[in-house]
Amino acid sequence: MVKIAVIGTGYWGRNHVRAFNELKAEGVIDELEICEVDEKRAREFSNIYHIPYCTNYGDLLKDDSLDGVSIATPTHTHFELAKSFMEAKKDVFVEKPMTTKSEDAEKLIHIAEDKKSLLMVGHIFRHHSAVKELKKRIERGDFGRIFYLTSTRFSFREPRKDMGVMFALAIHEVDIFCYLLNKEYPLEISAQLSKFLQKDIEEVAFLVLRFENDTLGYAFESWMTPVDGKRRDLTIIGSKMSAKVDYLKPQELQLFDASIISSADGASLKAEYEGSYTVPIPYKEPLKEEMRHFVECIKSREKPLSDMYAGKRAVEMIEIAFESARENKAMKIGK
Ligand SMILES: NC(=O)c1ccc[n+]([C@@H]2O[C@H](COP(=O)([O-])OP(=O)(O)OC[C@H]3O[C@@H](n4cnc5c(N)ncnc54)[C@H](O)[C@@H]3O)[C@@H](O)[C@H]2O)c1
């Protein structure tokens, strides 16, 4: 028997409830409950999915039948909630950003290690089928030397009021760049950001991450772009091949058979382009795969793909990016 509770059913948490409800129908979990401080909202979801609700998470801390919780509340509440549930010996999935400060992420890691709780962080794109396919091909050496990665996340929406694009969006990029390159951190981060509409909430950010072997990662985040519609993509440019992931299409990976070849003596360069093709991938919803993985880890006690250590490093990298923007210089890491 596995019982899960979703804490927070706002913009994103309602998707957690839907995904877990589907996993319940598949028999992956047995019971589902929600906890939401807004009782009207809690009742609404309880009626839609025919599941129990509570409005005070303290009730769940006392529930011996509860195995794990999925926390999708505002980021400033993650620390207290994750801490309380792990102290009550529950397994925890917490949305990204893991915490608002890396010191708090470190404290949660200590609690998880002490209580032997599972602590998984919502770095959803690690569970994206096209990213998984890309990672497999990178590890196989298909791309040769990786020159650079780029990622753009554009939308046109009212900016969030609780955090800017750095913690809301760029945190995905710093995590995925490191994940794909199999690195814990880049060597250096530089960032520029702008706030136009709200004090302390940046709506636009540019980040550059420099890794070993001169590999670069570039991320461009904006909530102010009416030009492209919602756009979320990743490109990887390698010496043997290049690829593009459209995050909105987890069922395909585009590959480009292209390379720039230098002659043996290095005197001449030749661009060779053999064409592009799309690798079809069976459709799987990233969020549902992420939740399925959380439940599998609860059962197997294996380390999750998006574990607490990666969650903490992502928060640290965003802190460093903020420092870079403040100081107007590239920040070296670990030196
Ligand atoms: N992985 C992703 O791609 C992704 C996407 C969007 C948001 N998020 C993350 O999800 C989290 C929530 O974001 P959101 O946009 O859904 O916020 P939101 O404000 O829309 O929803 C938060 C909900 O939590 C409820 N809540 C607050 N405190 C609570 C408590 N103590 N107990 C129970 N319920 C409580 C609120 O009433 C609200 O319904 C954030 O950390 C955000 O970064 C992740």
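I began with the ligand and found 24 residues around it, the closest being W12, E36, R41, K96 and M163; a residue counts as near if one of its heavy atoms lies within 4 Å. I noted that this is a predicted model, where local features need pLDDT of at least 70, side-chain atom pairs count only at pLDDT 80 or more, and totals for chains, interfaces and linings use all residues. Residues are numbered from 1 along each chain as its sequence is written, and side-chain values use heavy atoms, with hydrogens and water left out.

A polar side-chain atom of R41 sits 2.5 Å from a ligand oxygen. From the backbone, a polar atom of Y11 is 2.9 Å from an oxygen of the ligand, and an N or O atom of K96 is 2.8 Å from one. I also checked burial: the ligand alone exposes 860 Å², and the protein buries 84% of that (Shrake-Rupley method, 1.4 Å probe).

Then I turned to the sheet. I traced 9 strands in an open, mixed sheet, ordered β14-β13-β12-β11-β7-β10-β9-β8-β15; strands are DSSP runs of E, at least two residues, numbered from the N terminus, and two of them pair if DSSP finds at least two bridges between them. β14 (269–280) and β15 (331–332) are at the edges with a single partner strand each, so one side of each has no neighbour in the sheet. I saw that β13 (residues 252–262) runs antiparallel to β14, joined by 11 bridges, with L255 opposite Y277 in β14.

How values were computed:
Helix = DSSP H or I, 4+ residues; strand = E, 2+ residues; numbered from the N terminus. Polar contact = N/O pair within 3.5 Å; in protein donor to acceptor, adjacent residues only side chain to side chain.
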